[in-house]
Amino acid sequence: MKPIIRDIDHVVIRAANPEALKRFYCDALGCESEKDQPELGLTQLRAGRALIDLLAVGGPLDRAQSGAPGTGRNMDHLCLRVENYDPARLRVHLEAHGATLGEEGRRYGAEGYGPSLYLFDPEGNMVELKGPPETLA
């Protein structure tokens with residue numbers, strides 16, 4: 001039987017400095033800390049209906065075969081759909097939190113074409129902030 005996919009449940013990011021990434025994803029992007037399990041090297045952040053898991057490199061759950069941060073990644077980017085999409089205000093906010101900003105453009109996503117902005121977190125992972133689709137804008 002073919003599975004029926006509804007949403008993305010979670011994304012796992014291997015982190016050299018999980019605490020710095022936690023601050024960035026919570027303070028800059030509005031995630032909320034949901035569950036800290038330091039004994040496992042795992043921090044889980046709420047991102048809307050999904051989770052972003054920060055996995056400490058070298059921690060009990062880490063798998064070295066997944067590749068170390070900064071040495072070639074197996075995740076191109078994480079896309080977060082945001083309601084309050086205002087690129088000028090987002091840029092100011094994100095720069096204040098140390099984000100490296102990338103391209104802004106019109107891109108296709110789960111809800112169709114709409115505006116988006118690329119940025120990079122403190123460990124160089126690319127994140128896309130996706131605004132409302134054109135049909136709902």
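The chain contains two helices and eight strands. Read from the N terminus, these elements follow the order β-α-β-β-β-β-α-β-β-β. The model is predicted, with a mean pLDDT of 87 over the chain; 88% of the residues reach 70 or more. Among the elements, the lowest mean pLDDT, 90, belongs to strand β1 (residues 10–15), and the highest, 96, to helix α1 (residues 18–28). Where pLDDT is low, the predicted coordinates should not be read in detail. Of the 137 residues in the chain, 39% are buried.

The largest pocket holds about 960 Å³ of space. Its lining consists of 32 residues, and those nearest the pocket centre are Ala-47, Ala-50, Cys-79, Leu-80 and Arg-81. Two or more lining residues come from each of the strands β3 (42–47), β4 (50–56), β5 (77–81), β6 (100–109) and β8 (126–130). Strand β5 makes the greatest contribution to this lining, with five residues. By residue class, the lining comprises 16 nonpolar, ten charged and six polar residues.

Two aromatic pairs were found in a search of the whole structure. One of them joins Phe-24 and Tyr-25, with 5.6 Å between ring centres and 85° between the planes, an edge-to-face arrangement. Phe-24 and Tyr-25 are both buried.

The other pair is formed by Tyr-108 and Tyr-113, whose ring centres lie 5.1 Å apart. The planes of Tyr-108 and Tyr-113 meet at 65°, and edge-to-face pairing requires over 60 degrees, so this pair is also classed as edge-to-face. Tyr-108 has a relative accessibility of 58% and therefore counts as exposed, the cut-off for that class being over 50%. Tyr-113, at 40% relative accessibility, counts as partly exposed, because this value falls between the 20% and 50% limits. Tyr-113 also has a charged neighbour: Arg-106 lies over the face of the Tyr-113 ring, at 4.1 Å from the ring centre.

Technical notes:
Residues are numbered from 1 along each chain as its sequence is written. This is a predicted model: local features need pLDDT of at least 70, side-chain atom pairs count only at pLDDT 80 or more; totals for chains, interfaces and linings use all residues. Side-chain values use heavy atoms; hydrogens and water are left out. On a 1 Å grid over the protein atoms alone, a cavity is a set of points where a 1.4 Å probe fits but cannot get out, and a pocket is an open set with protein on both sides within 12 Å along at least five of seven lines; lining residues have an atom within 4 Å of a point. Grid points are joined across faces, edges and corners, and a volume is the space filled by probe spheres set on the points. Helices (H or I, at least four residues) and strands (E, at least two) are DSSP runs, numbered from the N terminus. Ala, Val, Leu, Ile, Met, Phe, Trp, Tyr, Cys and Pro count as nonpolar, Asp, Glu, Lys and Arg as charged, and the others, Gly among them, as polar. pLDDT is the predictor's confidence in each residue, from 0 to 100. Rings of Phe, Tyr and Trp (its six-membered ring) pair if their centres lie within 6.5 Å; planes under 30 degrees apart count as stacked, over 60 as edge-to-face and the rest as tilted. Buried means under 20% relative accessible area, exposed over 50%, partly exposed in between (1.4 Å probe, protein chains only). A charge sits over a ring if NZ of Lys or CZ of Arg is within 6 Å of the ring centre and within 35 degrees of the ring normal.
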